[in-house]
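Open the model in your viewer and keep the selection tool ready.

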Amino acid sequence: MKWRVPNIPEKALPKNFSIWIYLLVFVLSTIFFEFIVLLINENSVLSNLLLGGFYLVIVPLFFSLSITGFIYSYYHSQLIKALFFNLNIKNKLARWQIWARKSIGLVDYCYLTEIDNLALKVMGLEGSQPMNPDKVMPISVIHEMSSSPLFYVFEKIIMPMKAKINSLSKIKVLLNMTQSSDAAVMILANYCRSNHININESDIVLSDCIPSPEIIHEWIDTKYDESILMINLVYDVKNQLSFSEYCCALLFSNVKKALNLSKLRVFRPLKTELTDLSDDIGYLIKAEQVEKKRVNQLWTTSLSSSALNILKETFFDINGEIIIAPNKVYPLDLNLGKLSESHAWLALALAADGVNQGQKGQMIAAQGSNEIYIMQVSDRTVQRIEENDELLIFPTAYFFSLVFCLYSIVALLAINYIELKEILSIIVLSTFLSVIAVCIPLYFKIQRYQEEFDKIWFESFR
């Protein structure tokens, strides 16, 4: 499934016939049937009061109802076709929203930068907001150490998460570094062993690059069963990086495992490009991963001015579906200086701090190599959407119209051509044939409706 879904308008419902048309058809049908009865056997019908009442009142009533029902059935058939089409659209969108709203649990997180309590300061909840545009900020304390800073870093970003790490049975560790270090895995394993942290060396995977947020798609779509601890170490004690340094650890788990440990959810990220950003942000809003009125803050990293302006036009609009105040948009490039693609994960940790500080739903927009990733974090999920299959497609009016019409014809023939004892069996047979005559064409009609809708739906992707 993809983020983009066809924008197919619902079909307008047909207008029913005027009640005066139904009344006219009813009256004319009654007169016509009574004329036929008198034409076939006037003497027998008029000479017997009981027989006359049956053939001139009851049977014409059945016949008139059947003809009127046939007229209504034409309208009902067009109505069902439109309702079936619209129901298909709603169910397709419901399935898409279920896909788009899938999330993983963010059990815990911790980060280290040159600025202490960075999230609180950026949000204006503590001290003054840091302003370091165009600077490259190292983590000074790391560069001042005479020995390897790994133990210090792990003490800062792993130890605060010890309790929650130990509460999970099996954890896969993604150790991502900007500088390759074969000893890092052993150092991390030794640190965890000496501090009784539930991480085994065999579960640590070392990488010299930071993955993009697209990896969250993989975790969600494969319905992973293991918990994942992502550790990003973005620093270099030998060479100065071209962007600001940071370290962070984020502990993810599936929603069921995370339920008793954290309410934080990271939703399926939107991957887009600058040329498609304006359109694709509309799909994100339509998905409503987080209740629209709860989206309160936007964190951005390395976005171009064009991308930032598109987001501002969308969220600063007082008539928009999601409204974010200008002072609730945080371009981290102004606070931390030059950033890299990897800073999306730091922004995620800062946004999680925003949720935990009571700032409601958070949105992150981060620049990748050629893509833009937009993620949402919240401690609440929107109520699950259920598909709706409740549509009465059986043409009840048509069925009874057909039955009444057959009964009327049988009654008409019974005057001269059918013995009375045969009427009951003929009525039963007529009813059975009516069921077949309705159900079989209905099955193929619904199949045709479905094929027509599927053709329109898939052609709209081209």
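Buried means under 20% relative accessible area, exposed means over 50%, and partly exposed lies in between (1.4 Å probe, protein chains only). This is a predicted model: local features need pLDDT of at least 70, side-chain atom pairs need 80 or more, and totals for chains, interfaces and linings use all residues. Numbering runs from 1 along each chain as its sequence is written, and side-chain values use heavy atoms, without hydrogens or water.

**Stop 1: helix H5.** Select residues 150–157. Helices (H or I, at least four residues) and strands (E, at least two) are DSSP runs, numbered from the N terminus. Leu 150, Val 153, Phe 154 and Ile 157 are buried here. Look down the axis of H5: the buried residues fall within an arc of 95° (directions from the axis to the C-beta atoms), so they line one face of the helix.

**Stop 2: Trp 219 and Phe 252.** Rings of Phe, Tyr and Trp (its six-membered ring) pair if their centres lie within 6.5 Å; planes under 30 degrees apart are stacked, over 60 edge-to-face, the rest tilted. The count comes to 21 aromatic pairs. Trp 219 and Phe 252 form a tilted one, 5.1 Å centre to centre with 50° between the planes. Trp 219 lies in helix H8 and Phe 252 in strand S5, so the pair ties together parts 33 residues apart in sequence. Phe 252 is buried at 0% relative accessibility; Trp 219 is buried at 5%.

**Stop 3: Phe 399 and Phe 400.** Their ring centres are 5.3 Å apart and their planes at 70°, so the pair is edge-to-face. Phe 399 is buried at 13%, while Phe 400 is partly exposed at 41%.
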